[in-house]
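Please examine the sequence and the structure shown here, and then follow the explanation below.

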Amino acid sequence: MFGLHYKLERTAIGLVIAIIAVASIGGFVEIAPLFTIDETVESDPDMRLYTPLELAGRDIYMREGCYACHSQMIRTLRDEVDRYGPYSLAVESQYDHPHLWGSKRTGPDLARLGGKYSDAWHVAHLINPRDVVAESNMPRYGWLAETILRSDDLGLHLRAMQRVGVPYTEEMIANATQDAHAQANPAASTTQGVTERYGEETNIRAFDGDPQRLTEMDALVAYLQILGQLTDAPFQTAMED
Amino acid sequence: MLWGILSLLLAAVGLAFAAGGRGDPIAVHGWIIILAGLAGLVVVARGWSLPEPPESRFEEYYDSPTKAGIILALVWGVVGMFVGAWVAFLLAFPDFNFSGPWTSFGRIRPIHTAGVIFGFGGNALIATSFHVLQRTSRARMPDQFSPWFVLIGYNLFCVLAATGFMLGITQSKEYAEPEWYADILLVIVWVVYFAIYIRTLARRKEPHIYVANWYYMAFILVVAMLHIVNSLAIPISLTSAKSYSLFSGVQDAMTQWWYGHNAVAFFLTAGFLGMMYYYLPKRANRPIFSYRLSIISFWGITFMYMWAGSHHLHYTALPHWVQTLGMVFSVVLLIPSWASAGNALLTLNGAWQKVRDDAVLRFMALSAIFYGITTFEGSFMAIRPVNSLSHYTDWTIGHVHAGALGWVAMITFGSLYALVPWMWKKQRLYSKALVEAHFWLALAGTLIYVFAMWNSGVIQGLMWRTYGETGGLAYSFVDSLVAMHPYYIARAIGGTLFLLGAILALYNIVMTIRMPQEQQVDLSPDLPLAETVVAAGE
């Protein structure tokens, strides 16, 4: 064996090919089957898509690095289920490009955050977390309430998501900007389009408290309120368990 | 000429981003790229009228890119560690910050991670690899152009990364945050880097490729593989910074941690093992203890690390069989890891009095010890039930820093201290006392940091899973957060000590470079073999 290596280390190309071959095996065995084995991701035909506003909120969540301190993955452990709710299923993040499972809980897990607190709580908490939770070490995000959301390119966002495999329709893409504004303004005449395209369950509220302006706060709170609400598959699994 | 064309091209790409991306943060990057291109043009124009450098330079090693790389590594190191200390203080005192978005915790934290991993570590790897490659091949690098292209292109990537995070440009994949255009730049740089390696090896005057080069090559090849696959994404438009990852959910999580764990393996381990295999025996003046152990550990690490990524996803929605594979390989990985650490420490047998007297060699010896400790800890934490406690807690952060501070940074500082007098033809470093001070600051900082995070991590993990007498969870999440506070302060202090050490290193090395030349240093042992000699030998 060492004699063979004695020869191998005399040819650069031989070493290169050997390194690539040896290093590729693990990835192939562990990753490729995840795309082909059907049981990897549970199926839920009723799973809801992120609305343009929620997707914009998700982009803000990534932009501000929230994922560095908050996980969105409840593990199959008793204390986690007791603390956060039913454990996470793969289907829940099947439209998450990229995933936001996280790796660290400096703050709590957010996989089942949606509907747990009011919009007003979230807005106050994001402006100054210590106004709501005195001991919190979360940063303040006050500028989100002052910053108008860029919404003219939301169609492009939905188009790119469609290209990577999320079933957005042409109608959804064409109306993306309008739907984002309508979702945060319950009085608008266009809100019906949102529920037609994204379902009756869609939250249509002035998330930041001001229906006149569409801010980044609207988008982020809309996203936080949908976390764990896209499918009820985990709750059904919990009942069966 | 080539430089002029490239600078123009770069400026043109920048102009396209700046003009097309109005209203998008990519426009700012457009301006940065234009500036880089214009700076390149100025340099080219100023060099136009200079006389052609003498032919005799081809008889020496090509070291100016290495020299620049050393300085860049140290500067990035100080910046990255400064931001690290800052974010550490923010976790203890969250309002210790400006009010705007640019410097909020979530945006500057990746500047810390990318700054130290890619800025400090990456530049140190490029600089030392050019040095080691030429010396162990006894050949000059093949051309004047490509090493500078690699170094400058790579640092442009680092600048785009760090400024991008402040602007909110991120893919959000941990340790792969830069967006699509920066990713493409890195691929181009990496291809040229690999070409330099292969072309120089083809010119080598030694029949065997030295073990340090195996590691540097594994670092270059596998990082390319990981980077390309994990960063596959569709941009929303060619003049927008934003893209969406090709993968989603569970497949994306597995791809990300296949990348993430092997960035640790091939960027932070293989590359630095290459460094260790050259500078430690050189400084100790001892041959590597065992050639066979090097072979076993090299191929063991190259094969087994690639399976271990799934231990980041224990008890998640990732299929159980993948978790189990990851756990098993992580545990077995201890064998090649300890083979490397043992090989390094046994090489020091017969030179331990030098370790006592020479702080530079002591940095290297200590790094091998920390490498052994950290790899043992890593294998332990990858065991599923242990991971149920450690995952999501500060224990992971402690583990990472035992490796990053104790292993990666220490081997780097040791190697750079050894390399600087050779590169600038000086008899010694500016101050031995400052190296000594740096050593103790680094060791104290690392120990305080790691013990603080071990404590807080285990306490956190235990508090989250403790049940009260009534059968409910005993502690709220906020209870656990309050319990972390003293450890977060201790961690920030440990990190600050480490930062002070790095500042001393930068100062000491700059002063070494500025020291007057005492006498003519004899260059003869440090020259490539001339072409004619080899021709005669063959």
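Along its sequence, chain A follows the pattern α-α-α-α-α-α-α-α-α-α-α-α-α, and its secondary structure consists of 13 helices and 0 strands. Helices (H or I, at least four residues) and strands (E, at least two) are DSSP runs, numbered from the N terminus. This is a predicted model, in which local features need pLDDT of at least 70 and side-chain atom pairs count only at pLDDT 80 or more, while totals for chains, interfaces and linings use all residues. Residues are numbered from 1 along each chain as its sequence is written, chains are lettered from A and ligands numbered from 1 in the order in which they are written, and side-chain values use heavy atoms, with hydrogens and water left out.

The overall form of chain A may be considered next. Its C-alpha atoms fill a box of roughly 80 × 45 × 40 Å along the principal axes. The radius of gyration of chain A is 22 Å, whereas a compact globule of 241 residues would have one near 18 Å. This radius is taken over C-alpha atoms, and the globule rule is 2.2 Å times the number of residues to the power 0.38. In chain A, 62% of the 241 residues count as buried; buried means under 20% relative accessible area, exposed over 50%, and partly exposed in between (1.4 Å probe, protein chains only).

Chain B comprises 18 helices and 2 strands. Its radius of gyration is 24 Å, close to the 24 Å that the globule rule gives for 538 residues, so chain B is as compact as a globular protein of that length. The C-alpha trace of chain B spans about 85 × 65 × 45 Å along its principal axes. Buried residues make up 61% of the 538 residues in chain B.

How many disulfides does a search of the whole structure find over all chains? The search finds 0 disulfides, a disulfide being a pair of cysteine sulfur atoms within 2.5 Å. The sulfur of C69(A) is 8.6 Å from the closest cysteine sulfur, in C66(A), and this is too far for a bond. C69(A) counts as buried because its relative accessibility is 14%. C158(B) also counts as buried, at 5% relative accessibility.
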